[in-house]
Amino acid sequence: MTKQLREVVIPRDQAAFRLDGRGRWHSEEGEFLHRKIIEHFHASIRKDEGGFHLMQKHRDFKEKVYFPYEDTPLFAFDVVKGERIELILNTRRKMKLSPKKLFIQDDELYMRAGEDRVKFSEHALIRLSPFLEFEEDRSFIRVKGRRYRIPEVSREYSKLMDS
């Protein structure tokens, strides 16, 4: 019989850390520098009805920490080019690139993922660059011989899409 662990919930305004708009973790002391801790935090991101949080299991309890983040907590950190293009998210999850779900907002590239959005890191953009094309003030991506326009949207339009 499995013992049910009690759950400790830390609200967003009491979290001791935050995620910035570039996918970097920070505490009051500054940016996290230890690679293993950073990777552990990213891999621990979960979402429930209360929003995004980190879930950690301790010996006698589970800790759920809702954390503040700028923009989005989901980032494409890498791009794997094969038969299809896959994104490697900061959570370690793999996701197929969907050209029709791409959009640009404030000079940043995003992809819709259900009700969430994934922001492309600088590294992922560099890896994706062979597929990107530009004409005047328009951006495109070419995948499997098809060319897709990447729309540029305002923050107001993006908020409408989120609701």
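Good morning. I begin with phenylalanine 75, which counts as buried because its relative accessibility is 1%. Please keep in mind throughout that this is a predicted model.

Phenylalanine 75 has a ring partner. The centres of the rings of phenylalanine 75 and phenylalanine 77 lie 6.1 Å apart with the planes at 35°, so this pair is classed as tilted. Phenylalanine 77, at 26% relative accessibility, counts as partly exposed. In general, two figures describe a pair of aromatic rings: the distance of the centres and the angle of the planes.

How many aromatic pairs does a search of the whole structure find? The search finds nine. One of them joins phenylalanine 32 and phenylalanine 41 in an edge-to-face arrangement, 5.2 Å centre to centre and with 85° between the planes. Phenylalanine 32 is buried at a relative accessible area of 16%, and phenylalanine 41 is buried at 11%. Ring pairs also link a cluster whose members are Phe17, Trp25, Phe32, Phe41, Phe52, Phe67 and Tyr69.

Phenylalanine 41 leads us to helix H1, residues 35–43, whose buried residues are Ile38, Phe41, His42 and Ala43. Against which strands do the buried residues of H1 pack? They pack against strand S2 (17–19), strand S3 (25–27), strand S5 (45–48), strand S6 (51–57) and strand S8 (74–81).

Within the pairing, isoleucine 45 stands opposite leucine 54 in S6. S6 is in turn joined to S7 by five bridges, again running antiparallel, and this hairpin has three residues between its strands. Here the bridge partner of methionine 55 is lysine 64 in S7.

Apart from residues up to four places away in sequence, lysine 64 touches Glu7, Val8, Val9, Ile10, Asp48, His53, Leu54 and Met55.

I turn now to S8 and its sheet. This is an open sheet of six strands, in the order S10-S9-S8-S13-S12-S11, with mixed pairing. At the edges are strand S10 (94–96) and strand S11 (102–105), each of which pairs on one side only. From one strand to the next, the twist averages 40°. S8 and strand S9, residues 85–89, run antiparallel and are joined by five bridges; valine 80 stands opposite glutamate 86 in S9.

My last stop is arginine 147, in strand S16, residues 146–150. Arginine 147 counts as partly exposed because its relative accessibility is 33%. Finally, arginine 147 and proline 99 are 48 residues apart in sequence, with their C-alpha atoms 8.9 Å apart in space.

Thank you for your attention.

Methods. Residues are numbered from 1 along each chain as its sequence is written. This is a predicted model: local features need pLDDT of at least 70, side-chain atom pairs count only at pLDDT 80 or more; totals for chains, interfaces and linings use all residues. Side-chain values use heavy atoms; hydrogens and water are left out. Contact means heavy atoms within 4.5 Å. Helices (H or I, at least four residues) and strands (E, at least two) are DSSP runs, numbered from the N terminus. Buried means under 20% relative accessible area, exposed over 50%, partly exposed in between (1.4 Å probe, protein chains only). Two strands pair if DSSP finds at least two bridges between them. Axes are lines fitted to C-alpha atoms, for helices over the stretch in contact, and angles run from 0 to 180 degrees between N-to-C directions. Rings of Phe, Tyr and Trp (its six-membered ring) pair if their centres lie within 6.5 Å; planes under 30 degrees apart count as stacked, over 60 as edge-to-face and the rest as tilted.
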